[in-house]
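This report describes how the parts of one protein chain are arranged and how they pack against one another. Please keep the sequence and the structure in view while reading.

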Amino acid sequence: MTDAPAPLPLALFWAQFHARRNLQKKAFRGWAIACVLGYLSMRLGGRVPAAEAAEQILFFVVPLLSLFFGGGVLREEIEDQTITYSFTRPLDRGWIYGARVVAAMVPVLLLSMPFLVVEATLLDGATGARVIIAGLAATLAYTGVFALLGLLMKWSTWVGLAWLIFWESLVSLAPGFIGHLTLQSHLRGLTGFRPRPGLLSSLWQPPSAPVGLVVLLGVAAVSLVLGGVVVRRREIALEK
């Protein structure tokens with residue numbers, strides 16, 4: 001009787017395989033062109049300060065990329081009816097799902113982190129380091145959330161976009177406990193970026209940097225675990 005293969009090496013191989021597929025898609029090239037042009041216009045055309053440029057990348061670019069690449073973690077294989085190939089591999093479904101989520105994070109990181117690192121070098125040392133850490137944590141949290149959302153509902157892209165616009169962007173600026181229920185608020189606490197002066201900005205108090213980091217990593221971990229549970233228990237019907 002042969003021993004079962006170790007799951008981690010198989011999952012890493014699966015993640016590497018799908019990461020390469022993600023990077024070969026036309027969508028990745030399109031996003032790459034858009035990100036480069038957007039960054040150049042912001043850095044060269046508008047002369048945007050480094051802190052503001054880092055905010056734009058953290059609060060808008062990373063969430064949108066995470067929504068696009070994370071929301072369809074398994075949807076593509078369900079639609080082209082190749083999901084059974086993945087699920088017949090000698091690897092638990094939860095591990096396969098985790099590998100796909102990691103593969104979705106790769107293009108998000110490649111399209112956002114180089115620009116974020118450049119802006120971080122223009123800030124003071126402590127702030128720059130926090131910005132880089134926040135970029136990594138934001139990718140983990142947002143991609144995990146959108147991957148889980150893609151498992152739970154059909155119109156996950158539109159729901160995720162509405163969540164970003166109406167909850168993350170608006171509610172994160174609310175003072176008190178409500179504002180702390182958003183990922184963006186914890187990103188601000190981690191980076192030290194305060195909202196622009198406004199009606200409620202004087203009342204807004206960010207969570208501390210350690211709390212912000214713990215919450216972001218916790219959301220990423222919980223989303224990944226719940227997604228694995230859903231994938232293990234869910235019966236996926238393929239249309240013929």
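From the N terminus onward, the elements of the chain follow the order α-α-α-α-α-α-α-α-α-α. The model is a predicted one. The chain holds 10 helices and zero strands. Of its 240 residues, 42% are buried. Among contacts between residues at least 6 apart in sequence, 75% join residues at least 24 apart.

## Helix H7 and its two partners

Helix H7 covers residues 125-152 and helix H9 covers residues 183-191.

| Helix pair | Axes come within | Crossing angle |
|---|---|---|
| H7 and H9 | 8 Å | roughly 160 degrees |
| H7 and H8 | 9 Å | roughly 135 degrees |

The axes of H7 and H9 cross at roughly 160 degrees. An angle over 145 degrees counts as roughly antiparallel, and H7 is therefore roughly antiparallel to H9. The crossing of H7 past H9 is right-handed. On the H7 side, the contact is made by Thr127, Arg130, Val131, Ile133, Ala134, Ala138, Ala141 and Tyr142. On the H9 side, Leu183, Gln184, Leu187, Leu190 and Thr191 take part. By class, the residues of this contact between H7 and H9 comprise nine nonpolar, three polar and one charged.

The axes of H7 and H8 cross at roughly 135 degrees, and these two helices are therefore oblique to each other. Their crossing is right-handed. H7 contributes Tyr142, Val145, Phe146, Leu149 and Gly150 to the contact, while H8 contributes Ser156, Val159, Gly160, Trp163, Leu164 and Glu168. The contact of H7 with H8 has seven nonpolar, three polar and one charged residues. Tyr142 of H7 takes part in the contact with H9 and also in the contact with H8.

How many residues of H9 are buried? Nine of its nine residues are buried, and the helix is described as mostly covered. These residues are Leu183, Gln184, Ser185, His186, Leu187, Arg188, Gly189, Leu190 and Thr191. They pack against helix H3 (50-70), H7, helix H8 (156-168) and helix H10 (209-233).

Both ends of H9 can also be described. Thr182 caps the N-terminal end, with a side-chain oxygen 3.2 Å from the backbone nitrogen of Ser185. After H9 comes Gly192, whose phi is positive, near 85 degrees.

Gly212 is located in helix H10. Its relative accessible area is 0%, so Gly212 is buried. Between the C-alpha atoms of Gly212 and Gly189 the separation is 5.8 Å, although these residues lie 23 residues apart along the chain. Gly189 is one of the buried residues of H9, and the buried residues of H9 pack against helices including H10.

Ser223 also has its place in helix H10. Why does Ser223 count as buried? Its relative accessibility is 5%, and buried means under 20%. A polar atom of the side chain of Ser223 lies 2.8 Å from the backbone oxygen of Val219. Leaving aside residues up to four places away in sequence, Ser223 touches Tyr97, Gly144, Val145 and Leu148. Of these, Val145 is one of the H7 residues in the contact with H8.

How values were computed:
Residues numbered from 1 in each chain as written. Predicted model: local features only at pLDDT ≥ 70, side-chain atom pairs only at ≥ 80, totals over all residues. Heavy atoms only, no water. Axes fitted to C-alpha atoms, helices over the stretch in contact; angles between N-to-C directions. Helix = DSSP H or I, 4+ residues; strand = E, 2+ residues; numbered from the N terminus. Parallel < 35°, antiparallel > 145°, perpendicular 65-115°, else oblique. Left-handed = near helix turned anticlockwise from the far one by under 90°. Contact = heavy atoms within 4.5 Å. Nonpolar A, V, L, I, M, F, W, Y, C, P; charged D, E, K, R; others polar. Buried < 20%, exposed > 50% of the residue type's maximum accessible area, 1.4 Å probe, protein only. Polar contact = N/O pair within 3.5 Å; in protein donor to acceptor, adjacent residues only side chain to side chain.
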